[in-house]
Amino acid sequence: MPLHPPSPGPAKSGRSSVAPTHQGRDETRPLPIFRQMTIVGVGLLGGSLGMICKQQGLVETVVGAGRRAENLKTAVALKAIDRYSTDLAEAASGSDLLLLATPVDTFEDAVKTCAPRLSRAAIVTDVGSVKGRLVTRLEALVSDDIAVVGGHPIAGKEKSGVDAATLDLFRGARCILTPTPRTNPDALAKIRRLWEYTGDQVSEMDPDLHDRVLGAVSHLPHIVAYALVNAVAAIQESQTPELDLQAFSGGGYRDTTRIAASSAEMWRDICLWNRDNLVDQLDQYLDCLETFKALIKSGDGEGLFREIERAKRVRERLM
C-alpha cells in the first residue's frame, strides 16, 4: 500500500489555533527534534501530538499508520499528519521516532513489524497507560541501536478518535516517562523535550511504580464507573423496568460515570496488563464499600458522617 500524500482542503474549525508554550522547555537546541515520526494509531492522543509537532516544527514529517484509511484521511485534513499508510512497515520506513498510540495489547506486534524499518538510532515511545513488564518486553524486541522510552501523557477525554484531537490537549497536564536501566539518556532527553513543547509537565517514574500509582488513580476509577453504570442498568431492569433511570440523573451520576464512555478495547487491555495491581486495589475498594454498607444497614449515622467527612477532606486537597 503506497504512502498517501495529503489531500487538498481546509482543516476543520473549532480547535485552538495556538499551540501551547511551556517555560521549562529547552530553547537552546534547534528544531526539529526529529526528522520523521510515525504515529501508530492516529486518535485523540496521537492526533493531538501530531498537530502540535506539525504546528511547532518539532518534527519535519509526520506519518500516520492505521487500519482505516478514512480515519487517516481525516487526520490529514485536520493537519495531524502529513501522509499515511495502512501498511505498518511502510509507514515506519526511515522514521527516527515511532509513537505507539493504539491499545497497549497491540504494542508488541507493532514493534515487531516496525522496528526493522526504522532508521538507525531511532526511538520507540508510546502513550500507553500501562508500563511495568510491557516496557521490558518492548526493549527485548528492538536492536541495540534503537532506544525504547516509555511515556504516558495523563490527558484525554471520554471521547476518542482524531476528530477529538486538539492543540491544547496536553497543556498543563502531567506526562510520566518510565526509564529503565537500559534507557539511552540522550533518547530520554529528546522525548522529555518533545513532551515539554506540548505544554506537559514531565516527570520520571519507575515503570512498576507507575502501574501501581495509575492503577489507583486512573484504572480503578474507570472500573468503578463502568460498574456503576451496569449496576444502575441492573437496578432498572429488576426494580423499575418501566422507567429509564438515567433520564432522572443529575450531576452526581453524570460526573461519576463520565469516563464510562471511554473505549472498551483500550480499557480491557489496560485492566488485563495491570491485573495484579488492579485486583489488589479492587479488594481495598470493596472493603470500603462493605464499610459503607454495614454503616447504612446498622443505621450508624455517626459512622457514616465520619467516613463521608474523611473522604471529603481528602478530595478537597485535589481542588
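## A salt bridge to start with

Lysine 54 and aspartate 82 form a salt bridge, with their closest N and O atoms 2.5 Å apart. The term stands for a side-chain nitrogen of Lys or Arg within 4 Å of a carboxyl oxygen of Asp or Glu. Lysine 54 belongs to helix H1 (residues 44–56), while aspartate 82 sits in the loop between helix H2 (69–77) and strand E3 (83–85), so this pair ties together parts that are 28 residues apart in sequence. Helices (H or I, at least four residues) and strands (E, at least two) are DSSP runs, numbered from the N terminus. Lysine 54 is partly exposed, at a relative accessible area of 27%; buried means under 20%, exposed over 50%, and partly exposed in between, with a 1.4 Å probe and protein chains only.

Before going on, please note that this is a predicted model: local features need pLDDT of at least 70, side-chain atom pairs count only at pLDDT 80 or more, and totals for chains, interfaces and linings use all residues. Residues are numbered from 1 along each chain as its sequence is written, and side-chain values use heavy atoms, with hydrogens and water left out.

The structure holds 11 salt bridges. One of them joins the side chains of arginine 182 and aspartate 144, at 3.8 Å from N to O. Arginine 182 is in the loop between strand E7 (174–178) and helix H6 (185–197), and aspartate 144 is in the loop between helix H5 (132–139) and strand E6 (147–154), so the pair ties together parts that are 38 residues apart in sequence. Arginine 182 is partly exposed at 42% relative accessibility, whereas aspartate 144 is exposed at 77%.

Now for the strands. An open sheet is formed by 8 strands in the order E3-E2-E1-E4-E5-E6-E7-E8, with mixed pairing. Two strands pair if DSSP finds at least two bridges between them. At the edges are E3 and strand E8 (201–204), each pairing on one side only. On average, neighbouring strands of this sheet are turned by 25 degrees against each other, direction ignored. Axes here are lines fitted to C-alpha atoms, for helices over the stretch in contact, and angles run from 0 to 180 degrees between N-to-C directions.

Within the sheet, E6 and E7 pair in the antiparallel sense over 5 bridges, and proline 153 stands opposite cysteine 175 in E7. Helix H1 packs on the sheet, where it touches strand E1 (34–40), strand E2 (59–65) and strand E4 (97–100), and its direction makes about 160 degrees with that of E1. Contact means heavy atoms within 4.5 Å. Helix H5 also packs on the sheet, touching E4, E6 and E7, and its direction makes about 150 degrees with that of E6.

Is histidine 210 buried or exposed? Histidine 210, which lies in helix H7, is buried at 0% relative accessibility. Leaving aside neighbours within four places in sequence, histidine 210 is in contact with Ser129, Val130, Lys131, His152, Ile176, Thr178, Met205 and Gly215.

Valine 217 lies in helix H7 (residues 207–239) too, but this residue is exposed, with a relative accessible area of 59%.

## Loop residues worth a look

Glycine 57 is found in the loop between H1 and E2 and is partly exposed, at 28% relative accessible area. Apart from its neighbours within four places in sequence, glycine 57 is in contact with Leu31 and Pro32.

Lysine 79 has a phi near 65 degrees, a positive value in a residue other than glycine. Lysine 79 is in the loop between H2 and E3 and counts as exposed at 51% relative accessibility. Alanine 121 has a positive phi as well, near 60 degrees. Alanine 121 is placed in the loop between helix H4 (107–114) and strand E5 (123–126), and is exposed with a relative accessible area of 55%.
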